[in-house]
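Have a look at the sequence and the structure first, and then read on.

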Amino acid sequence: MQEPTDYASLGRQLAALLDTRDWLTNAAQTSAFLMQSLEGLNWVGFYLQRQPETLILGPFQGKPACNPIPFSRGVCGAAARSRETQRVDDVHAVADHIACDADSRSELVVPIVVEGHLWGVLDIDSPQPTRFSAEDQAGIERLCQTFVSACDFG
Ligand code: SME
């Protein structure tokens, strides 16, 4: 288990880091920031809804990943369909999980909704089972709000 993460501090650091309104730059910076700041991760990145019912790989940190992902499949697809965060303690127990990296054991996927439209999802993977607590989920959801607030998506 990890030490509790100071998400208030991470939120201040992320807000200071995102000093442009460009969503592409900010998405790249956010994925790098999370990879550097959170312990025990093997992949962090964005999938973007740029086609109907489909997620396209966006800025990320980690190994090359699966692309595209239809809304009908995987943990990312479930987050996109439901617009609810998916927190998976053991991806091996999820039949629908898309294994981009056999090392991944737990996963957190946060939908990112901008002005009522699903813009994409933030996907975070860990090689540790049960890496993400409810506190991590709440903290990372707040960091996603910091990201959204920093960007122009037009
Ligand atoms: N595991 C995800 C696919 C994306 S990779 O983890 C980067 C899923 O089941 O949707």
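What follows is a briefing on helix packing, the ligand site and the backbone.

This is a predicted model, so please read each value below as computed from it. Two packed helices are described by the angle between their axes and the distance between the axes.

**Helix H2 against helix H4**

- The H2 and H4 crossing is right-handed.
- On the H2 side, the contact is made by Trp 23, Asn 26, Ala 27, Thr 30 and Leu 34, while H4 contributes Leu 143, Phe 147 and Ala 150.
- Sorted by class, this contact of H2 with H4 holds six nonpolar and two polar residues, with no charged ones.

**Helix H1 against helix H2**

- Helix H1, residues 7–17, packs with H2 at an angle of about 145°, and their axes are 11 Å apart.
- H1 passes H2 in a crossing that is right-handed.
- From H1, Leu 10, Gln 13, Leu 14 and Leu 17 meet Gln 29, Thr 30, Phe 33 and Ser 37 of H2.
- The residues in this contact of H1 with H2 divide into four nonpolar and four polar, with no charged residues.

**Helix H1 against helix H4**

- H1 and H4 pack at about 20°, with 10 Å between their axes.
- Because angles under 35 degrees count as roughly parallel, H1 is roughly parallel to H4.
- The crossing of H1 and H4 is right-handed.
- H1 takes part through Tyr 7, Leu 10, Gly 11, Leu 14 and Ala 15, and H4 through Glu 135, Asp 136, Gly 139, Ile 140, Arg 142, Leu 143 and Thr 146.
- By class, the contact of H1 with H4 has six nonpolar, three polar and three charged residues.

**A closer look at Thr 146**

- Thr 146 sits in helix H4.
- Setting aside neighbours within four places in sequence, Thr 146 is in contact with Gly 11, Leu 14, Ala 15 and Leu 18.

**The ligand site**

- There are 13 residues around the ligand, and Val 75, Cys 76, Ile 98, Cys 100 and Asp 125 come nearest.
- Val 75 places a backbone N or O atom 3.0 Å from an oxygen atom of the ligand.
- For Cys 76, a backbone N or O atom lies 2.8 Å from an oxygen atom of the ligand.
- Asp 125 uses its side chain: a polar side-chain atom lies 2.7 Å from an oxygen atom of the ligand.

**Backbone points to check**

- Most residues other than glycine have a negative phi, and most peptide bonds are trans.
- The peptide bond from Asn 67 to Pro 68 is cis, with omega near -10°.
- Pro 68 lies in the loop between strand E2 (54–62) and strand E3 (69–70).
- Glu 53 has a phi near 55°, which is a positive value in a residue other than glycine.
- The loop between strand E1 (43–51) and E2 is where Glu 53 lies.

Note on methods. Residues are numbered from 1 along each chain as its sequence is written. This is a predicted model: local features need pLDDT of at least 70, side-chain atom pairs count only at pLDDT 80 or more; totals for chains, interfaces and linings use all residues. Side-chain values use heavy atoms; hydrogens and water are left out. A crossing is left-handed if the near helix is turned anticlockwise from the far one by less than a right angle, and right-handed if clockwise. Helices (H or I, at least four residues) and strands (E, at least two) are DSSP runs, numbered from the N terminus. Contact means heavy atoms within 4.5 Å. Ala, Val, Leu, Ile, Met, Phe, Trp, Tyr, Cys and Pro count as nonpolar, Asp, Glu, Lys and Arg as charged, and the others, Gly among them, as polar. A residue is near a molecule or strand if one of its heavy atoms lies within 4 Å of it. A polar contact is a pair of N or O atoms within 3.5 Å; within protein, one must be able to donate a hydrogen and the other to accept it, and residues adjacent in sequence count only if both atoms are side-chain atoms. Axes are lines fitted to C-alpha atoms, for helices over the stretch in contact, and angles run from 0 to 180 degrees between N-to-C directions. Angles under 35 degrees count as roughly parallel, over 145 as roughly antiparallel, 65 to 115 as roughly perpendicular and the rest as oblique.
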